[in-house]
Structures are given as C-alpha cells and as structure tokens.
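Hi there,

Here is the structure I promised to pass on. Have a look at it first, and my notes on what turned up follow below.

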Amino acid sequence: MNPVAISLVDTDVHNISYTDALLPYLPQRWAERLRTFGVRTRAEADVTPALRPQAGRHDAVPPCGVAGGDPVFARRQHLDMFGVDIAILNNIPGQISHSGGNDPVVFSAALEAANNDWTMDQWFGSDPRWRGSVAIQYDNPAFAVAEIERCRALDDRWVQAVVGTRTERPFGHEKYWPLFEALTHYDMPLAFHPGGSGSGQLSGAGWPSYYFENHAGYQYPVVSQVSSMVFEGVFDRWPTLKVVVVEGGWSWVAPFVWRMESAMDVLGSEVSHLQRRPAEYLAEHFWFTTQPMEEPTRSEWFTGALDQFSRLGLVERLMFSSDYPHWDYDSPAEALPHDLPTDVRQSIMADTAAALYGFGRRAR
Amino acid sequence: MSLLTRPRNSPDRPGTPPPTGGWTGPVIDTDVHAQFAGVPALWEYLSPMWREFITERGYHGPYSIPTTYPPQALSTVAARWRRESGPQAGSAFDLLRTDLLEPGSPEYVVLNCYAGVDSIRHPDLAVAITRAVNDWLIAEWLERDDRLRASMVIPAHTFSDMVAEIHRVGSHPGIVQVLFPVRAQALYGKRNWYPVYEALLEHGLVMGMHHGGTSDGPPTACGWPSWYIEERVGELQLYQSQLTNIVAEGLFQRYPDLRMAVLEGGFTWVPSLMWRLDKDWRGLRRTVPWMRLPPSEVFREHLRFSTAPINAGPPEEMARIIEWLGPEMLVFASDYPHEHGDDVAQLLSVLPAQSRAAVMAETAREFYRLG
C-alpha cells in the first residue's frame, strides 16, 4: 500500500473539557478545590454570553452535554464526514479559563496538566488523526515551559502551544521570552487563539456589551500582539520562531503591515535594535487560518483580498480551519470560493499546514 | 516583494510645498493641530484660584499630552515645520499662517487640540483646564481668521460636566465638532454617553473621534505596550473596538442625525473591518436585533475618515482599498504639524478622477456644513 498525500488538514478543532472529564486527571487536593470553589478566573462567556452554550452548533452536542466534549462524536461528525486527514485540537477551557487569572497558579497548573492528560488519553488515544496544541498557563512562563516539556516527553502529537490573544502584557514583552526559547527548541509554532487569561478587559477602552462585539473583535488584540512581537525584536532573537494566528482573520494584515512600515519610516530610530523591516518579520514568521472566512462585500473582491495578502510575501501562509464544533463552523466543503484555482485550494486545505507542522503522507 | 524594496520616505525638508500633493482645487483640511505650549499658554484663561492651585503644586499640565505626542519625536512636529528654537508648529496661529494657510490657501481648516484632559482625575481641575483650552481656541485661533473652524474639548470623566461645557461653547459659530479621544474610560456606544450626544446634536456638532486619550487601564486588551511606535501602530485596535461598539449598541439608530469623523486613525483597515462586521451581523443579528442595517451601511451613512495617516501600500493595492472602501468615505487631512510620511500625490493618483475634489474638499464641506 503506497502512502498518499494528505489532502485535508484542519488547523482549528476544539475539544472542550468539563469538570467531570477532568476530575480523574487531578490530584485529590485540586479535584476537591475544583468541586468546592470551581474555577474563579473570569471567562469571557460569562461577561458577554455567547448565543449558545459553549458557542456550539445545535447539532454538535453529544450525550455528555458539552459540545466538543466527546472525541468519538466529534470524529464521526467532523473527521469521518469530510475525510479530514489531520486535525489540531485547541482545548477551549485549557486556553481560556484554566490558563490562570483569579486562581492560584499551582491550581491552574494542575488544571492545565489535567486538560492535556485528558486530551492525550481520550482524544489522541481514540484516533490517530488528532494532533494537539499544548494548553499552557502562558502568563506564568515558567509553568508553561514545564508543561510543554512534560507533554512533549509523553507524546509527539503535540505540535504547538496555544496562547489566548489577551495576555497580561503584549506578547513580545521580555516576560514571555522563556516560552520562545522552549518553542524554538522543539520547533513548535506559537498559536494565538481568541480568548484570554481573564486578566484584562476585552478592549483597550473598557468592556463591550455584547457577544457580537467580542466575536467580531477576535482580531483586535492580535494587532497589539503582532506590533509587540515585531517592535520588541523577538524575531531577531528567535529567528526560527513561527507564529500562527488562529481565528483572527487575514484581510487586515496587509493594511496593518503598511501601517507598521509607515511608522518605521518616521519613528524607526526608536527601535534601532531591529535588524529587519516589519514587513519582513511578517513574511517570515506568521501563518494565518481561514475560519471565519473573509467575506468581502462583493464576492469578486475575495480574489483581490487574497492577492493583496499574498503579495506581502504571505503566499502559502493561509491554512484551512473549521472551528468545529462552534456555531460559526466552516465546512471543508464550503469554506473556500468554488472558483479558487486548484493549486491555491490545495495549498490552503492541506499543503501549507503539512509543511509547517511536518505532517507526512498517510497510509492508505 | 516591492514592499520590502520600497525606498523609505524621507521626512519632508523645510520649504517643501504644502502637503496637498499638488492638488490645485479647493482644499478643506479636516485635521490641523492646535497644541497649547503647556499650562502657561492657558494662564489668562484660568481663574486666580486655579492659577494658585497650579502654582502651589508645580503642576505641568496633562501628562497624556507628551506621552501621546512626545515633543521631540519627528512624528509630533515634521522636520519641515520644526523650528530650531522658540514656539513650535501647532502652538500659535502665526506659525500656522506661515506654514499652512499662506502657502496652501485652504478654504477651511478644522483645528483639533488634543488637550489631554482625559488624564486629569481631579474633576474640577479637569473642568478648569477644559474651559481654558476652549476659550484659548476661540480667542487665539478662531477669532484670528475666518478660515478656521475648531473642535471643542470636553472633560472626559464626568458626564454632566461634558454636557455643561458643550452648552457653554458649543454654539460658537467656529465650533463644528466635539473631540473624543479614541482611548476613553468606556466605549462610546455605551448608554452613559447619550446625554453628551444629545447636547452636541442640539448644537449641530460632529462627533470627532481622534487619536490619543486615557483608558481606565492599559490601552490594549493585553496590557501596557513598551515602545512608542508599538503603541502608536497598535492604536488601531482601539479604533476597531470603538466602531464595533458604536454600531453594536445601535447608536446611529438612536441618533440618526449623528455624524462621526474618525481622525488620525488611518483608513486602509476599514474595508476589512466592514466585511467582518457585516459577516457577524448576518450570523449574530438575533443577538443584537436593533441593528436593522448591515454595519457597512451604517458606516457609509454616518462616518467619514480623515486621510492622515495614509499608511500607503503599493499604488495598485491602494487602488483596491479605495474601491473597497468607497472614496466618498474620505476627507482630506494634513494632520499638521504631525509627520506620517504621507504621500498625498500618490493618494490622489489612485483616487478616481471624479472623486478627487470630493476627498480634498467637497465631502468635508457637506459633512461639516461649511458654507
């Protein structure tokens, strides 16, 4: 049997843990704490409630009652139905409410370990197509690095680490540098996904009122993160660091690169430590995922937007993602415009992700 | 990879022509800065009590002015307008006349003063400084030249004081706008702001959202930035958050006559934002049912974006941005005396020929109701 090329990689599928799922993976002290006090870190779903529980599709709720809570259900409804070859799991509680904030760091560390153990045991253990993003306490980098090392020692299906877009400091800050050292050591990308550790506000001017704003604004903190990582000189220090912006859109990138370039023309002397231009850092270090797919006012503008993005040097930097099981899920069959050239489609649906993460061919 | 090999714009040299890109038709400049040179410039507009207060404490004025516009930074005063000594461009009408009014002959300019009163937490001092700034704008600028119009400033934390100040000076014929810094204590669609909008509507004023301000906390959703340039380009997320909130709250449905100018924030990012908001409106409309129109239509009816900073990409990409945005959304601004490396000639070259006069003057004339 000859191996065949991978034809469909999904770079954003959610597994969503819940208390009963995590209890078997927690030491007794932290299991008792979880039962008694719960998780006190503020979750954005409590501030601006989503339109459905876990923002899930109505038809994606398995018998356990939590969309994204059941690996077999998710496999049947998503991987099998569309022939997904490889899917990367981003654990929602692991990336948001369990990542720390208004909780003791040792408890958050135990919760993250439990989330990752649950993913390895229940998800990796049930199907070879799952890969995972390590859930880490990103605002406590010492704990985060230890968790990445622990997980990588146990399973090489951990392909990256996931960080909420809202952190205590913009992510180029020196505080986070140990994390970049560990990630480049393992050649693992850093993935930004909407969410946060419950430390700050949802905007730079206070709290929005509605889930519409939270959801439409998933890309806004990414602007701050990109600006920070570029101007702090992170990519000069870690020239092999790769950053994946998940669920953050991509049509904003070109105008933002021009904005950084214009600012460099006038204010570049402030950041004389930089070895390169902002546009070069973007072109060399960033990848983006598709969902929720950009929908220009006129459908014929899509090609122009993609061309504008590609001309930044971001050819083959866009990767398909479905966001299963969320309500705004993009189906692999419907996400891309049907008139997209075959080679571009193939690049987005599989090849770019396969190259980034080193996914090989699969056995037939 | 034309972007990487693009020669860096060299900051303009002294004596170069006015920044209108060779345009010879009428010009209305919607963002020209008047910046008082510290508290001493406001002295005669402060009561004896406040002069004593300031003197006793050695108070230097709002701290957010130098953090927003560091005086020595090239972005704050362009090289071509920078004086080696004495008062700097922006601080006095005579300098504006020499730098901009005489060489360029704009028909009107709209003066914007970033007063920094948002960074004053003493509520009465904030009112005193606010009143002094507005009186300074009227006496030392508006009353000097018929071509000048101005945005008034308001204290940023006490809603009733904002309303009172709008009623105090909002009917001056030179006042056309109320300035709202993009960083604020709360997003501008929130219901607490309604009395302020009712007051400015009563005086027929525009809401002008402008770079700068002070948030109750860091100015991002992920903490304090480190570098000025990092913070400056990242200010984009505040414009995005503000506009998202304003449409989500249905502000323009509540106040159908409200006009909003988005100033010194750029515009190349707006098509992408409109696409995102329209898509989410389709998906989440039942959670915000008062949003009766797609956000992009609300933008087109109520918002205008100043052209500075242009933040230009390659000309063919700028032409795409203009097509997606619609040139009717743009109003020309020099942002004097700030420096963004703007190339207005290039912007004019990518604008459809029939839109150039609108961008340079006519859209602003109608929007600001200028004669």
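In chain B, helices α5(B) and α6(B) cross in a right-handed way (a crossing is left-handed if the near helix is turned anticlockwise from the far one by less than a right angle, and right-handed if clockwise). Please bear in mind that this is a predicted model, where local features need pLDDT of at least 70, side-chain atom pairs count only at pLDDT 80 or more, and totals for chains, interfaces and linings use all residues. Residues are numbered from 1 along each chain as its sequence is written, while chains are lettered from A and ligands numbered from 1 in the order in which they are written.

Back to that pair: α5 (residues 123–140) and α6 (residues 159–169) of chain B have axes 11 Å apart, at an angle of about 20 degrees. Axes here are lines fitted to C-alpha atoms, for helices over the stretch in contact, with angles running from 0 to 180 degrees between N-to-C directions. Helices (H or I, at least four residues) and strands (E, at least two) are DSSP runs, numbered from the N terminus. The angle makes α5(B) roughly parallel to α6(B) (under 35 degrees; over 145 is roughly antiparallel, 65 to 115 roughly perpendicular and the rest oblique). From α5(B), B:P123, B:V127, B:T130, B:R131, B:N134 and B:I138 meet B:D161, B:E165 and B:V169 of α6(B); contact means that C-beta atoms, placed from the backbone, lie within 7 Å. By class, that contact has four nonpolar, two polar and three charged residues (Ala, Val, Leu, Ile, Met, Phe, Trp, Tyr, Cys and Pro count as nonpolar, Asp, Glu, Lys and Arg as charged, and the others, Gly among them, as polar).

Over in chain A, the axes of α12 (residues 253–267) and α14 (residues 301–314) come within 8 Å and cross at roughly 50 degrees, which makes α12(A) oblique to α14(A). A:V253, A:A254 and A:V257 of α12(A) touch A:Q308, A:F309, A:L312 and A:L314 of α14(A).

Chain A also has an open sheet of eight strands, with parallel pairing and the order β1-β2-β3-β4-β5-β6-β7-β8 (strands pair if DSSP finds at least two bridges between them). Strands β6 (residues 243–245) and β7 (residues 286–289) of chain A are joined by three bridges, and A:V244 has A:W287 as its bridge partner in β7(A).

Finally, the two chains meet through 69 residues of chain B and 63 residues of chain A. On the side of chain B that touches chain A, there are 31 nonpolar, 25 polar and 13 charged residues.

Best wishes
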